[in-house]
Amino acid sequence: MAQLPSLLGFDHEQLAAALTELGEQKGYRVTQLQEWIWKKRVTSFEQMTNLPPSLREQLASRYSIMPLELVEQHRSQSGSATCKFLSRLLLDDELIESVIIPAAVGEDGDHSKRVTLCVSSQVGCAFGCRFCASGLLGLRRSLTTAELIGQIFAAEYLMGQRVDNLVFMGMGEPLANADNLLPALRLITAPSFLSIGGRHITISTSGHVPGLARLATCGIPVRLAVSLHGATDDVRSRIMPVNRKWPLSELLPALDSWRRSSKHIITLEYILISGVNDAPQQAEQLSDIARRLHAKINLIPYNTVEGLPWKRPEEADCRRFCRELIHNGIPCTLRYEKGHDINAACGQLRRHRINSSAKSDKISR
Ligand code: SF4
């Protein structure tokens, strides 16, 4: 049977219209339906016990709730408790992955941090960054609004905890899917839906200039991270083809105007790749960009991806690069990605799964 439309993509007006179409006259039903889905997080219409059985049946015959199902999960053994899960999209059986970074328990036993979910925005990615597993398989399609939100619900079922921090840094370029991302952000931030504040949501872009303008004018005060990974057009274009379309001469003014309108500090993500972007001269050029944008920098030593030639620099070289930025007055952190042992770099788990199905296909033939 074809997948029925998921109500996770419906706002208040759309839910009201769906109920009206089913002949439901009572205005308060929409609030009841909304509360079952968004506050109580039920996954079937049968559980909505204050709705008449006939209405539950009608809803179930026309709509679904979860647009995806869990296929596998991997928990990091490294002490970070990071959990990566692979989901199957019910619409067409495509696979996506998401990563949960649980609340950290401090040495004093204090739960000091939030539960963070790294959300995928597309199946695969068209942007083809040379160091990235997601880009290797190309773009299959963008996720629907319901599929973006479904990852949050799935993470909560998996962990038995509410997610309260979101980073759109998984597979895909979120701003290339602005048509579905912006409605999802409205539902995620709305008090009667998920009610997660904009300051707990980070959108990460590889430098999609038109998408930045759309995000800036949508009125949702999210945070912005930019995957820069190179401080000159030469280096950037070598590892990020997006730079040929929107070079630094277009990207930096767009970021300048984002900073002025949002008043938020931009984070520049910079994956350190040995012999590509880790030279002292690049640290100087990166400092100039960060100074211009009043941005802070996250340095991330490269996570090796099977089948790709890039290497992580020595730890001493990463520390030297970081020291040079700090010496130049740039706020900078050097962080080794959590979940290295579970293929947590974006696209790796899906790629492993696809590769192993391909191998077993070959064996069985
Ligand atoms: S790094 Fe991001 S934008 Fe680049 S190919 Fe990977 S998923 Fe796409």
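This is a predicted model: local features need pLDDT of at least 70, side-chain atom pairs count only at pLDDT 80 or more; totals for chains, interfaces and linings use all residues.
**Burial and overall make-up**

I started with burial: 41% of the 365 residues of the protein chain count as buried. My cut-offs were 20 or more other C-beta atoms within 10 Å of a residue's own for buried, 12 or fewer for exposed, and partly exposed in between, with C-beta atoms placed from the backbone. Residues are numbered from 1 along each chain as its sequence is written.

Next I looked up the secondary structure, and the protein chain has 13 helices and twelve strands. These are DSSP runs numbered from the N terminus, helices being H or I of at least four residues and strands E of at least two. I also checked contacts (C-beta atoms, placed from the backbone, within 7 Å). Among those in the protein chain between residues at least 6 apart in sequence, 66% join residues at least 24 apart.

**The core**

Which residues touch the most other members of the largest nonpolar core? I found Ile149 and Ile297, in a core of 93 residues. Such a core is a set of buried Ala, Val, Leu, Ile, Met, Phe, Trp, Tyr and Cys residues joined through C-beta atoms within 7 Å. Helix α5 (residues 145-159) supplies the largest share of this core, seven residues. The core lies between domain 1 (7-62) and domain 2 (68-360), because both give residues to it; the domain bounds come from an automatic or database domain assignment.

Leaving aside neighbours within four places in sequence, Ile149 is in contact with Leu8, Ala184, Leu187 and Ile188.

**A helix pair**

Two packed helices are described by the angle between their axes and the distance between the axes. I looked up both for helix α11 (residues 280-293) and helix α12 (residues 315-327): the axes come within 9 Å and cross at roughly 35 degrees. Axes here are lines fitted to C-alpha atoms, for helices over the stretch in contact, and angles run from 0 to 180 degrees between N-to-C directions.

Who makes the contact between α11 and α12? On α11 I noted Pro280, Ala283, Leu286 and Ser287, and on α12 Phe321, Glu324 and Leu325.

**Loops and a strand**

I went looking for positive phi outside glycine. Ser195 has one, about 55 degrees, and sits in the loop between α6 (178-189) and β8 (201-205). Is Ser195 buried or exposed? Ser195 counts as exposed, because it has 12 C-beta neighbours inside 10 Å.

His294 also came up, with a positive phi near 55 degrees. This residue lies in the loop between α11 and β11 (296-301). With 13 other C-beta atoms within 10 Å, His294 is partly exposed.

Back in the loop between α6 and β8, I picked out Gly198. Gly198 has 16 C-beta neighbours inside 10 Å, so it counts as partly exposed. Not counting residues up to four places away in sequence, Gly198 touches Thr189, Ile220, Pro221 and Val222.

My last stop was Leu86 in strand β2 (residues 83-89). Leu86 is partly exposed, with 18 C-beta neighbours inside 10 Å. Leu86 and Gln73 are 13 residues apart in sequence, and their C-alpha atoms are 6.3 Å apart in space.

Conventions
Two residues are in contact if their C-beta atoms, placed from the backbone, lie within 7 Å.
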